[in-house]
Amino acid sequence: MAATAASPAVGSSSLSFLRSKRSSRALQPRMAVRSASAVTQILTKLQKDCATPLPILRHVADAMANDMRAGLAFDGGSDLKMILSYVDSLRTGVDFVRFGGDERDEKGLFYALDLRGTNFRVLRVQLGGQERRVIATESEQVPIPQELMCATSEELFDFIASGLAKFVEKKGGEFCLLPGRKRELGFTFSFPVKQTSIDSGILINWTKGFAVSGTPGRDVVACLNEAMRRQGLDMQVSALVNDAVGTLAGARYWDDDVMVAVILGTGTNACYVERTDAIPKMAASNSQSGTTIVNTEWGAFSTGLPLTEFDEEMDAESINPGEQIFEKTISGMYLGEIVRRVLLRMTETGSLFGSSIPEKLQTPFSLRTPHICSMHQERSSDLEAVGSVLYNEAGVDSDTEAREIVLEVCDTIVKRGGRLAGAGIVGILEKMEEDTKGRIFGKRTVVAMDGGLYENYPEYRKYLQDAVMELLGPELSEKVVMEHSKDGSGIGAALLAAANSKYRHST
Ligand code: BGC
(Lines give C-alpha, C1' and ligand atoms only; values in the text may rest on other atoms or scores of the structure.)
Protein backbone atom coordinates (compact mmCIF):
# COMPACT_ATOMS: atom_id res chain seq x y z
CA MET A 1 0.00 0.00 0.00
CA ALA A 2 1.33 3.48 -0.91
CA ALA A 3 2.35 5.77 1.91
CA THR A 4 2.61 9.56 1.92
CA ALA A 5 3.36 12.28 4.43
CA ALA A 6 0.28 14.29 3.52
CA SER A 7 -2.32 13.41 6.19
CA PRO A 8 -2.90 15.77 9.10
CA ALA A 9 -1.58 14.94 12.54
CA VAL A 10 -3.67 12.87 14.92
CA GLY A 11 -4.94 14.70 18.04
CA SER A 12 -2.16 15.12 20.55
CA SER A 13 -4.02 14.05 23.69
CA SER A 14 -4.77 10.63 22.31
CA LEU A 15 -1.18 9.53 21.91
CA SER A 16 -0.11 10.01 25.49
CA PHE A 17 0.57 6.33 26.19
CA LEU A 18 2.99 5.98 23.29
CA ARG A 19 4.64 9.36 23.65
CA SER A 20 5.68 8.45 27.15
CA LYS A 21 7.10 5.16 25.86
CA ARG A 22 8.97 6.33 22.77
CA SER A 23 9.29 10.09 22.97
CA SER A 24 12.33 10.51 20.70
CA ARG A 25 11.11 8.56 17.68
CA ALA A 26 10.28 10.34 14.43
CA LEU A 27 6.95 9.44 12.83
CA GLN A 28 7.00 7.44 9.61
CA PRO A 29 5.15 8.49 6.42
CA ARG A 30 1.38 8.15 6.70
CA MET A 31 -1.34 6.44 4.72
CA ALA A 32 -2.75 8.42 1.83
CA VAL A 33 -6.44 8.26 2.51
CA ARG A 34 -6.71 8.24 6.28
CA SER A 35 -9.14 10.66 7.83
CA ALA A 36 -7.18 11.54 10.92
CA SER A 37 -10.00 13.53 12.46
CA ALA A 38 -12.47 10.63 12.19
CA VAL A 39 -9.93 8.24 13.70
CA THR A 40 -9.07 10.71 16.46
CA GLN A 41 -12.72 11.24 17.28
CA ILE A 42 -13.27 7.52 17.71
CA LEU A 43 -10.14 7.16 19.83
CA THR A 44 -10.95 10.17 22.01
CA LYS A 45 -14.49 8.96 22.61
CA LEU A 46 -13.24 5.44 23.35
CA GLN A 47 -10.78 6.74 25.92
CA LYS A 48 -13.46 8.87 27.53
CA ASP A 49 -16.00 6.02 27.66
CA CYS A 50 -13.45 3.56 29.03
CA ALA A 51 -11.99 5.90 31.63
CA THR A 52 -11.75 4.46 35.15
CA PRO A 53 -10.86 7.34 37.47
CA LEU A 54 -11.01 6.69 41.19
CA PRO A 55 -14.74 7.57 41.63
CA ILE A 56 -15.70 4.95 39.02
CA LEU A 57 -13.45 2.34 40.62
CA ARG A 58 -14.94 3.15 44.02
CA HIS A 59 -18.45 2.85 42.66
CA VAL A 60 -17.65 -0.54 41.09
CA ALA A 61 -16.03 -1.85 44.29
CA ASP A 62 -19.03 -0.75 46.38
CA ALA A 63 -21.50 -2.19 43.89
CA MET A 64 -19.60 -5.50 43.91
CA ALA A 65 -19.88 -5.66 47.72
CA ASN A 66 -23.61 -4.77 47.62
CA ASP A 67 -24.36 -7.32 44.91
CA MET A 68 -22.52 -9.96 46.92
CA ARG A 69 -24.75 -9.30 49.92
CA ALA A 70 -27.88 -9.38 47.76
CA GLY A 71 -26.81 -12.69 46.17
CA LEU A 72 -26.13 -14.19 49.61
CA ALA A 73 -29.62 -13.20 50.81
CA PHE A 74 -31.48 -15.44 48.38
CA ASP A 75 -30.94 -17.16 45.02
CA GLY A 76 -31.62 -14.62 42.28
CA GLY A 77 -31.06 -11.71 44.68
CA SER A 78 -28.51 -10.14 42.33
CA ASP A 79 -26.49 -10.73 39.17
CA LEU A 80 -23.96 -12.52 41.36
CA LYS A 81 -25.06 -16.11 41.91
CA MET A 82 -22.97 -16.49 45.09
CA ILE A 83 -22.93 -20.29 44.77
CA LEU A 84 -22.26 -22.39 47.86
CA SER A 85 -19.36 -24.71 47.08
CA TYR A 86 -19.79 -27.34 49.82
CA VAL A 87 -16.10 -26.82 50.55
CA ASP A 88 -16.09 -25.66 54.12
CA SER A 89 -13.05 -27.01 55.87
CA LEU A 90 -10.09 -25.67 54.00
CA ARG A 91 -6.91 -26.27 55.89
CA THR A 92 -3.25 -25.99 55.15
CA GLY A 93 -1.29 -29.11 54.17
CA VAL A 94 -0.61 -30.11 57.75
CA ASP A 95 -4.20 -30.44 58.84
CA PHE A 96 -5.96 -30.66 55.48
CA VAL A 97 -6.51 -34.33 56.18
CA ARG A 98 -8.79 -33.53 59.10
CA PHE A 99 -11.54 -32.70 56.66
CA GLY A 100 -14.84 -33.89 58.04
CA GLY A 101 -13.32 -34.64 61.44
CA ASP A 102 -11.14 -37.43 60.09
CA GLU A 103 -7.63 -37.01 61.36
CA ARG A 104 -6.09 -39.79 59.31
CA ASP A 105 -3.00 -38.90 57.30
CA GLU A 106 -4.16 -38.75 53.67
CA LYS A 107 -1.97 -40.37 51.06
CA GLY A 108 -2.29 -41.86 47.66
CA LEU A 109 -2.90 -41.23 44.00
CA PHE A 110 -5.64 -38.83 42.95
CA TYR A 111 -6.67 -37.55 39.56
CA ALA A 112 -8.01 -34.17 38.50
CA LEU A 113 -9.80 -33.09 35.37
CA ASP A 114 -9.94 -29.39 34.66
CA LEU A 115 -12.45 -28.31 32.03
CA ARG A 116 -11.74 -24.62 31.47
CA GLY A 117 -12.56 -23.02 28.15
CA THR A 118 -10.41 -23.58 25.13
CA ASN A 119 -8.82 -26.72 26.56
CA PHE A 120 -9.03 -29.28 29.32
CA ARG A 121 -6.25 -30.53 31.52
CA VAL A 122 -5.81 -33.92 33.12
CA LEU A 123 -3.58 -34.35 36.10
CA ARG A 124 -2.44 -37.01 38.54
CA VAL A 125 -1.09 -36.19 41.95
CA GLN A 126 0.66 -38.49 44.38
CA LEU A 127 0.00 -37.24 47.90
CA GLY A 128 2.45 -38.11 50.63
CA GLY A 129 0.50 -37.10 53.74
CA GLN A 130 1.59 -34.57 56.34
CA GLU A 131 5.29 -35.15 55.89
CA ARG A 132 5.72 -35.22 52.15
CA ARG A 133 2.59 -33.43 50.94
CA VAL A 134 2.67 -33.44 47.11
CA ILE A 135 5.22 -36.09 46.04
CA ALA A 136 4.70 -35.90 42.29
CA THR A 137 2.36 -34.47 39.70
CA GLU A 138 1.97 -35.13 36.01
CA SER A 139 -0.39 -33.39 33.63
CA GLU A 140 -1.45 -33.08 30.04
CA GLN A 141 -3.42 -30.41 28.24
CA VAL A 142 -5.84 -31.19 25.43
CA PRO A 143 -7.32 -28.48 23.16
CA ILE A 144 -11.08 -28.66 22.70
CA PRO A 145 -11.99 -28.58 18.99
CA GLN A 146 -14.11 -25.54 18.13
CA GLU A 147 -16.98 -27.67 16.82
CA LEU A 148 -17.33 -29.49 20.16
CA MET A 149 -18.16 -26.20 21.86
CA CYS A 150 -21.49 -26.30 20.04
CA ALA A 151 -21.96 -30.09 19.92
CA THR A 152 -24.18 -32.32 22.07
CA SER A 153 -23.47 -33.05 25.69
CA GLU A 154 -22.59 -36.70 24.90
CA GLU A 155 -20.11 -35.66 22.22
CA LEU A 156 -18.33 -33.19 24.49
CA PHE A 157 -18.18 -35.51 27.52
CA ASP A 158 -17.12 -38.51 25.40
CA PHE A 159 -14.22 -36.46 24.04
CA ILE A 160 -13.16 -35.48 27.56
CA ALA A 161 -13.56 -38.99 29.00
CA SER A 162 -11.55 -40.49 26.16
CA GLY A 163 -8.71 -37.97 26.78
CA LEU A 164 -8.82 -38.87 30.46
CA ALA A 165 -8.79 -42.61 29.70
CA LYS A 166 -5.70 -42.23 27.47
CA PHE A 167 -3.95 -40.29 30.21
CA VAL A 168 -4.79 -42.92 32.82
CA GLU A 169 -3.35 -45.66 30.59
CA LYS A 170 0.01 -43.86 30.37
CA LYS A 171 0.62 -44.26 34.09
CA GLY A 172 4.19 -43.44 35.17
CA GLY A 173 6.41 -45.10 37.83
CA GLU A 174 6.05 -42.71 40.76
CA PHE A 175 2.29 -42.96 40.84
CA CYS A 176 0.55 -45.84 42.52
CA LEU A 177 -2.97 -46.51 43.66
CA LEU A 178 -3.32 -47.80 47.22
CA PRO A 179 -4.36 -51.48 47.22
CA GLY A 180 -8.10 -52.12 47.05
CA ARG A 181 -8.94 -48.58 45.97
CA LYS A 182 -10.75 -47.35 42.92
CA ARG A 183 -9.31 -44.32 41.09
CA GLU A 184 -10.76 -41.06 42.39
CA LEU A 185 -11.10 -37.78 40.57
CA GLY A 186 -11.52 -34.11 41.46
CA PHE A 187 -13.53 -32.59 38.62
CA THR A 188 -12.89 -28.90 38.05
CA PHE A 189 -15.74 -27.61 35.96
CA SER A 190 -15.26 -23.94 35.13
CA PHE A 191 -18.84 -22.89 34.43
CA PRO A 192 -21.72 -21.77 36.67
CA VAL A 193 -22.97 -24.86 38.47
CA LYS A 194 -25.53 -25.01 41.25
CA GLN A 195 -23.81 -27.43 43.59
CA THR A 196 -26.10 -29.94 45.23
CA SER A 197 -23.30 -31.62 47.22
CA ILE A 198 -19.50 -31.74 47.10
CA ASP A 199 -19.74 -34.28 44.27
CA SER A 200 -22.77 -33.20 42.26
CA GLY A 201 -24.09 -30.05 40.66
CA ILE A 202 -26.44 -28.79 37.98
CA LEU A 203 -25.12 -26.67 35.11
CA ILE A 204 -26.98 -23.34 35.17
CA ASN A 205 -25.71 -22.03 31.84
CA TRP A 206 -22.66 -22.23 29.62
CA THR A 207 -20.28 -19.28 29.27
CA LYS A 208 -17.09 -18.50 27.28
CA GLY A 209 -18.64 -19.28 23.90
CA PHE A 210 -19.88 -22.79 24.78
CA ALA A 211 -23.36 -23.68 23.57
CA VAL A 212 -23.40 -27.46 24.08
CA SER A 213 -26.93 -28.79 23.95
CA GLY A 214 -28.42 -31.02 26.60
CA THR A 215 -26.15 -30.09 29.53
CA PRO A 216 -27.85 -27.04 31.16
CA GLY A 217 -30.18 -28.33 33.87
CA ARG A 218 -28.24 -31.61 34.20
CA ASP A 219 -25.82 -32.90 36.83
CA VAL A 220 -22.43 -32.53 35.15
CA VAL A 221 -20.94 -35.31 37.31
CA ALA A 222 -23.61 -37.69 35.98
CA CYS A 223 -22.71 -36.56 32.43
CA LEU A 224 -19.03 -37.33 33.08
CA ASN A 225 -19.79 -40.64 34.83
CA GLU A 226 -21.91 -41.82 31.90
CA ALA A 227 -19.16 -40.84 29.43
CA MET A 228 -16.48 -42.60 31.53
CA ARG A 229 -18.66 -45.71 31.56
CA ARG A 230 -18.99 -45.54 27.76
CA GLN A 231 -15.18 -45.31 27.56
CA GLY A 232 -14.76 -48.26 29.94
CA LEU A 233 -12.94 -46.05 32.47
CA ASP A 234 -13.28 -47.20 36.06
CA MET A 235 -13.05 -43.99 38.07
CA GLN A 236 -15.28 -42.10 40.45
CA VAL A 237 -15.77 -38.38 40.97
CA SER A 238 -15.15 -37.50 44.64
CA ALA A 239 -15.32 -33.72 44.31
CA LEU A 240 -16.84 -31.28 41.85
CA VAL A 241 -15.29 -27.82 42.05
CA ASN A 242 -15.23 -24.58 40.17
CA ASP A 243 -11.73 -23.54 39.00
CA ALA A 244 -11.71 -20.52 41.33
CA VAL A 245 -12.60 -22.80 44.25
CA GLY A 246 -9.92 -25.30 43.20
CA THR A 247 -7.39 -22.47 43.05
CA LEU A 248 -8.30 -21.33 46.55
CA ALA A 249 -8.05 -24.89 47.89
CA GLY A 250 -4.70 -25.44 46.13
CA ALA A 251 -3.20 -22.16 47.33
CA ARG A 252 -4.51 -22.60 50.88
CA TYR A 253 -2.73 -25.93 51.11
CA TRP A 254 0.55 -24.00 51.24
CA ASP A 255 -0.52 -20.73 52.82
CA ASP A 256 -3.06 -20.22 55.56
CA ASP A 257 -3.54 -16.54 54.71
CA VAL A 258 -5.24 -17.22 51.36
CA MET A 259 -8.79 -15.84 51.60
CA VAL A 260 -9.76 -15.10 48.00
CA ALA A 261 -9.02 -16.66 44.61
CA VAL A 262 -9.46 -14.93 41.27
CA ILE A 263 -9.32 -16.39 37.78
CA LEU A 264 -8.46 -14.09 34.90
CA GLY A 265 -8.16 -16.21 31.80
CA THR A 266 -10.52 -16.91 28.92
CA GLY A 267 -13.28 -16.26 31.45
CA THR A 268 -13.19 -14.73 34.89
CA ASN A 269 -14.42 -15.53 38.38
CA ALA A 270 -13.67 -15.04 42.05
CA CYS A 271 -14.39 -17.01 45.21
CA TYR A 272 -13.67 -16.34 48.85
CA VAL A 273 -13.97 -17.72 52.36
CA GLU A 274 -17.31 -16.58 53.84
CA ARG A 275 -18.67 -16.94 57.35
CA THR A 276 -21.65 -19.29 57.28
CA ASP A 277 -23.67 -16.95 59.52
CA ALA A 278 -23.30 -14.21 56.88
CA ILE A 279 -25.19 -16.34 54.32
CA PRO A 280 -28.94 -15.93 54.92
CA LYS A 281 -29.82 -18.26 52.03
CA MET A 282 -27.87 -21.18 53.53
CA ALA A 283 -30.49 -23.43 55.09
CA ALA A 284 -28.30 -25.35 57.49
CA SER A 285 -24.59 -25.78 57.81
CA ASN A 286 -22.45 -28.65 59.03
CA SER A 287 -19.36 -26.55 58.70
CA GLN A 288 -17.14 -27.12 61.72
CA SER A 289 -15.01 -24.14 60.79
CA GLY A 290 -18.02 -21.80 60.62
CA THR A 291 -16.89 -20.83 57.13
CA THR A 292 -17.46 -22.01 53.60
CA ILE A 293 -16.17 -21.05 50.18
CA VAL A 294 -18.58 -19.02 48.10
CA ASN A 295 -18.19 -19.00 44.33
CA THR A 296 -19.32 -15.48 43.36
CA GLU A 297 -19.56 -16.07 39.57
CA TRP A 298 -18.59 -12.41 39.29
CA GLY A 299 -18.44 -12.65 35.49
CA ALA A 300 -22.17 -11.87 35.58
CA PHE A 301 -21.66 -8.60 37.49
CA SER A 302 -22.86 -5.54 35.56
CA THR A 303 -23.49 -2.60 37.90
CA GLY A 304 -21.93 0.76 37.02
CA LEU A 305 -19.44 -0.48 34.44
CA PRO A 306 -18.01 2.04 31.97
CA LEU A 307 -19.19 0.44 28.72
CA THR A 308 -18.90 1.56 25.10
CA GLU A 309 -20.93 1.07 21.94
CA PHE A 310 -18.37 -1.61 20.97
CA ASP A 311 -19.12 -3.61 24.12
CA GLU A 312 -22.84 -3.30 23.49
CA GLU A 313 -22.54 -4.49 19.91
CA MET A 314 -20.30 -7.40 20.86
CA ASP A 315 -22.72 -8.42 23.60
CA ALA A 316 -25.74 -8.18 21.30
CA GLU A 317 -24.06 -10.46 18.75
CA SER A 318 -22.82 -12.96 21.35
CA ILE A 319 -24.43 -16.32 22.07
CA ASN A 320 -25.42 -15.07 25.54
CA PRO A 321 -26.59 -11.45 25.10
CA GLY A 322 -27.13 -9.53 28.31
CA GLU A 323 -25.14 -12.09 30.31
CA GLN A 324 -21.58 -12.14 31.70
CA ILE A 325 -21.09 -8.39 31.18
CA PHE A 326 -18.14 -8.07 33.61
CA GLU A 327 -16.54 -11.09 31.93
CA LYS A 328 -17.05 -9.51 28.51
CA THR A 329 -15.34 -6.34 29.74
CA ILE A 330 -12.32 -7.75 31.58
CA SER A 331 -11.53 -11.31 30.45
CA GLY A 332 -9.20 -12.80 27.87
CA MET A 333 -11.84 -14.14 25.56
CA TYR A 334 -13.11 -10.66 24.77
CA LEU A 335 -10.34 -8.03 25.00
CA GLY A 336 -8.94 -8.79 21.54
CA GLU A 337 -12.42 -8.82 20.02
CA ILE A 338 -13.26 -5.39 21.46
CA VAL A 339 -10.03 -4.02 19.98
CA ARG A 340 -10.89 -5.57 16.59
CA ARG A 341 -14.29 -3.89 16.62
CA VAL A 342 -12.75 -0.50 17.34
CA LEU A 343 -10.15 -0.93 14.58
CA LEU A 344 -12.84 -2.00 12.13
CA ARG A 345 -14.85 1.14 12.91
CA MET A 346 -11.73 3.29 12.50
CA THR A 347 -11.12 1.69 9.13
CA GLU A 348 -14.72 1.99 7.95
CA THR A 349 -15.08 5.59 9.10
CA GLY A 350 -11.55 6.93 8.93
CA SER A 351 -9.65 4.56 6.60
CA LEU A 352 -7.17 3.73 9.36
CA PHE A 353 -5.49 1.11 7.18
CA GLY A 354 -6.41 2.61 3.81
CA SER A 355 -9.60 2.26 1.83
CA SER A 356 -10.03 -1.50 1.61
CA ILE A 357 -11.42 -3.48 4.51
CA PRO A 358 -9.92 -6.98 4.54
CA GLU A 359 -12.18 -9.90 5.39
CA LYS A 360 -9.99 -10.93 8.32
CA LEU A 361 -10.53 -7.59 10.03
CA GLN A 362 -14.26 -8.11 9.60
CA THR A 363 -14.17 -11.61 11.09
CA PRO A 364 -15.24 -11.78 14.75
CA PHE A 365 -12.52 -13.00 17.10
CA SER A 366 -9.79 -12.91 14.41
CA LEU A 367 -7.75 -10.68 16.70
CA ARG A 368 -7.29 -12.39 20.05
CA THR A 369 -5.99 -11.23 23.40
CA PRO A 370 -2.56 -12.95 23.01
CA HIS A 371 -2.16 -10.92 19.79
CA ILE A 372 -2.90 -7.61 21.45
CA CYS A 373 -0.61 -8.64 24.30
CA SER A 374 2.28 -9.31 21.92
CA MET A 375 1.68 -5.95 20.17
CA HIS A 376 1.61 -4.23 23.56
CA GLN A 377 5.13 -5.50 24.32
CA GLU A 378 6.60 -3.77 21.25
CA ARG A 379 9.45 -1.34 21.96
CA SER A 380 11.06 -0.80 18.51
CA SER A 381 10.86 2.57 16.79
CA ASP A 382 8.95 1.48 13.69
CA LEU A 383 6.66 -0.90 15.59
CA GLU A 384 7.48 -3.62 13.11
CA ALA A 385 6.15 -6.45 15.25
CA VAL A 386 2.83 -4.63 15.58
CA GLY A 387 2.73 -4.40 11.79
CA SER A 388 3.33 -8.16 11.47
CA VAL A 389 0.55 -9.05 13.91
CA LEU A 390 -1.85 -6.70 12.14
CA TYR A 391 -0.90 -8.16 8.77
CA ASN A 392 -1.10 -11.81 9.87
CA GLU A 393 -4.17 -11.63 12.08
CA ALA A 394 -6.25 -8.77 10.67
CA GLY A 395 -5.01 -8.84 7.07
CA VAL A 396 -4.08 -5.15 7.05
CA ASP A 397 -1.03 -3.18 5.91
CA SER A 398 -0.11 -0.46 8.37
CA ASP A 399 2.25 2.47 8.65
CA THR A 400 3.81 3.56 11.92
CA GLU A 401 1.12 6.08 12.73
CA ALA A 402 -1.64 3.50 12.31
CA ARG A 403 0.32 1.12 14.53
CA GLU A 404 0.59 3.81 17.20
CA ILE A 405 -3.15 4.26 17.14
CA VAL A 406 -3.65 0.50 17.39
CA LEU A 407 -1.46 0.45 20.48
CA GLU A 408 -3.49 3.29 22.01
CA VAL A 409 -6.65 1.25 21.45
CA CYS A 410 -5.10 -1.89 22.99
CA ASP A 411 -3.90 0.09 25.97
CA THR A 412 -7.29 1.70 26.53
CA ILE A 413 -9.16 -1.61 26.53
CA VAL A 414 -6.56 -3.45 28.63
CA LYS A 415 -6.30 -0.61 31.13
CA ARG A 416 -10.05 -0.59 31.65
CA GLY A 417 -10.10 -4.38 32.06
CA GLY A 418 -7.23 -4.54 34.54
CA ARG A 419 -8.48 -1.63 36.63
CA LEU A 420 -12.03 -2.98 36.82
CA ALA A 421 -10.71 -6.39 37.87
CA GLY A 422 -8.76 -4.62 40.62
CA ALA A 423 -11.90 -2.80 41.75
CA GLY A 424 -13.76 -6.12 41.89
CA ILE A 425 -11.09 -7.62 44.15
CA VAL A 426 -11.25 -4.61 46.47
CA GLY A 427 -15.06 -4.97 46.58
CA ILE A 428 -14.69 -8.55 47.84
CA LEU A 429 -12.02 -7.67 50.41
CA GLU A 430 -14.03 -4.74 51.73
CA LYS A 431 -17.18 -6.84 52.03
CA MET A 432 -15.25 -9.38 54.12
CA GLU A 433 -13.64 -6.68 56.26
CA GLU A 434 -16.94 -4.85 56.88
CA ASP A 435 -18.48 -8.03 58.28
CA THR A 436 -15.57 -8.80 60.60
CA LYS A 437 -13.26 -5.92 61.36
CA GLY A 438 -9.60 -6.86 61.08
CA ARG A 439 -10.30 -10.13 59.26
CA ILE A 440 -8.67 -8.84 56.07
CA PHE A 441 -6.76 -5.65 56.76
CA GLY A 442 -5.75 -6.49 60.31
CA LYS A 443 -3.16 -9.00 59.05
CA ARG A 444 -1.56 -10.36 55.88
CA THR A 445 -4.23 -11.49 53.37
CA VAL A 446 -3.44 -13.41 50.21
CA VAL A 447 -5.44 -13.28 47.00
CA ALA A 448 -4.51 -16.31 44.87
CA MET A 449 -4.52 -15.34 41.20
CA ASP A 450 -4.54 -17.61 38.18
CA GLY A 451 -5.43 -17.61 34.49
CA GLY A 452 -3.55 -16.90 31.27
CA LEU A 453 -4.53 -13.23 31.11
CA TYR A 454 -3.12 -12.52 34.56
CA GLU A 455 -0.09 -14.71 34.00
CA ASN A 456 0.94 -13.54 30.54
CA TYR A 457 -0.16 -9.91 30.22
CA PRO A 458 2.17 -7.70 32.31
CA GLU A 459 0.38 -4.42 31.47
CA TYR A 460 -2.97 -5.89 32.54
CA ARG A 461 -1.44 -7.08 35.80
CA LYS A 462 0.09 -3.68 36.43
CA TYR A 463 -3.21 -1.85 35.83
CA LEU A 464 -4.95 -4.25 38.18
CA GLN A 465 -2.40 -3.68 40.94
CA ASP A 466 -2.52 0.10 40.44
CA ALA A 467 -6.29 0.10 40.92
CA VAL A 468 -6.05 -1.98 44.12
CA MET A 469 -3.43 0.42 45.42
CA GLU A 470 -5.44 3.52 44.50
CA LEU A 471 -8.56 2.20 46.16
CA LEU A 472 -7.00 0.88 49.35
CA GLY A 473 -4.22 3.39 49.81
CA PRO A 474 -0.62 2.47 50.68
CA GLU A 475 -1.24 1.27 54.23
CA LEU A 476 -4.05 -1.22 53.59
CA SER A 477 -2.78 -2.38 50.23
CA GLU A 478 0.46 -3.44 51.91
CA LYS A 479 -1.55 -6.07 53.79
CA VAL A 480 -2.90 -7.55 50.58
CA VAL A 481 -0.61 -9.92 48.71
CA MET A 482 -1.62 -10.95 45.22
CA GLU A 483 0.11 -14.21 44.51
CA HIS A 484 0.15 -16.15 41.28
CA SER A 485 -1.04 -19.67 42.02
CA LYS A 486 -0.12 -21.35 38.78
CA ASP A 487 -2.46 -24.17 37.82
CA GLY A 488 -3.50 -24.34 41.43
CA SER A 489 -7.00 -25.43 40.51
CA GLY A 490 -5.87 -28.88 39.28
CA ILE A 491 -3.94 -29.68 42.45
CA GLY A 492 -6.72 -28.08 44.51
CA ALA A 493 -9.28 -30.39 42.89
CA ALA A 494 -7.09 -33.44 43.57
CA LEU A 495 -6.69 -32.34 47.21
CA LEU A 496 -10.43 -31.92 47.55
CA ALA A 497 -10.93 -35.37 46.00
CA ALA A 498 -8.53 -36.73 48.65
CA ALA A 499 -10.25 -34.84 51.44
CA ASN A 500 -13.60 -36.14 50.27
CA SER A 501 -12.33 -39.62 49.38
CA LYS A 502 -14.84 -42.43 49.67
CA TYR A 503 -12.12 -44.28 51.59
CA ARG A 504 -11.35 -41.58 54.10
CA HIS A 505 -12.91 -43.44 57.00
CA SER A 506 -11.16 -46.70 56.15
CA THR A 507 -7.91 -47.58 57.90
C1 BGC B 1 -17.41 -19.24 34.48
C2 BGC B 1 -16.83 -19.50 35.85
C3 BGC B 1 -15.35 -19.78 35.74
C4 BGC B 1 -14.66 -18.66 34.98
C5 BGC B 1 -13.16 -18.85 34.85
C6 BGC B 1 -16.60 -18.17 33.75
O7 BGC B 1 -17.06 -18.04 32.45
O8 BGC B 1 -18.74 -18.82 34.57
O9 BGC B 1 -17.48 -20.59 36.46
O10 BGC B 1 -14.82 -19.91 37.02
O11 BGC B 1 -15.23 -18.53 33.70
O12 BGC B 1 -12.85 -20.02 34.20
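At what angle do the axes of helix H8 (residues 309-316) and helix H10 (residues 332-350) cross? In this predicted model, the crossing angle of H8 and H10 is roughly 115 degrees, and their axes come within 10 Å. Angles of 65 to 115 degrees count as roughly perpendicular, and H8 and H10 are therefore roughly perpendicular to each other. The crossing of H8 with H10 is right-handed.

The residues that make up this contact can be listed from each side. H8 contributes Glu309, Phe310, Asp311, Glu313 and Met314, while H10 contributes Tyr334, Glu337, Ile338, Arg341, Val342 and Arg345. Sorted by class, the contact between H8 and H10 holds 6 charged and 5 nonpolar residues, with no polar residues.

H2 and H14 cross in a left-handed sense.

On the H2 side, the contact consists of Val39, Leu43, Leu46 and Gln47; on the H14 side, of Ile405, Glu408, Val409, Thr412 and Ile413. By class, there are 6 nonpolar residues, 2 polar residues and 1 charged residue in the contact of H2 with H14.

The ligand is the next place to look. There are 14 residues around the ligand, and those that come nearest are Thr207, Asn242, Asp243, Glu297 and Glu327. For Glu297, one of the nearest residues, the distance between a side-chain N or O atom and an oxygen atom of the ligand is 2.6 Å. Asn242 is also among the nearest residues, and an N or O atom of the Asn242 side chain is 2.8 Å from a ligand oxygen. Lys208 likewise has a side-chain N or O atom that lies 2.8 Å from an oxygen atom of the ligand.

Conventions
Residues numbered from 1 in each chain as written. Predicted model: local features only at pLDDT ≥ 70, side-chain atom pairs only at ≥ 80, totals over all residues. Heavy atoms only, no water. Left-handed = near helix turned anticlockwise from the far one by under 90°. Helix = DSSP H or I, 4+ residues; strand = E, 2+ residues; numbered from the N terminus. Contact = heavy atoms within 4.5 Å. Nonpolar A, V, L, I, M, F, W, Y, C, P; charged D, E, K, R; others polar. Near = heavy atom within 4 Å. Polar contact = N/O pair within 3.5 Å; in protein donor to acceptor, adjacent residues only side chain to side chain. Axes fitted to C-alpha atoms, helices over the stretch in contact; angles between N-to-C directions. Parallel < 35°, antiparallel > 145°, perpendicular 65-115°, else oblique.
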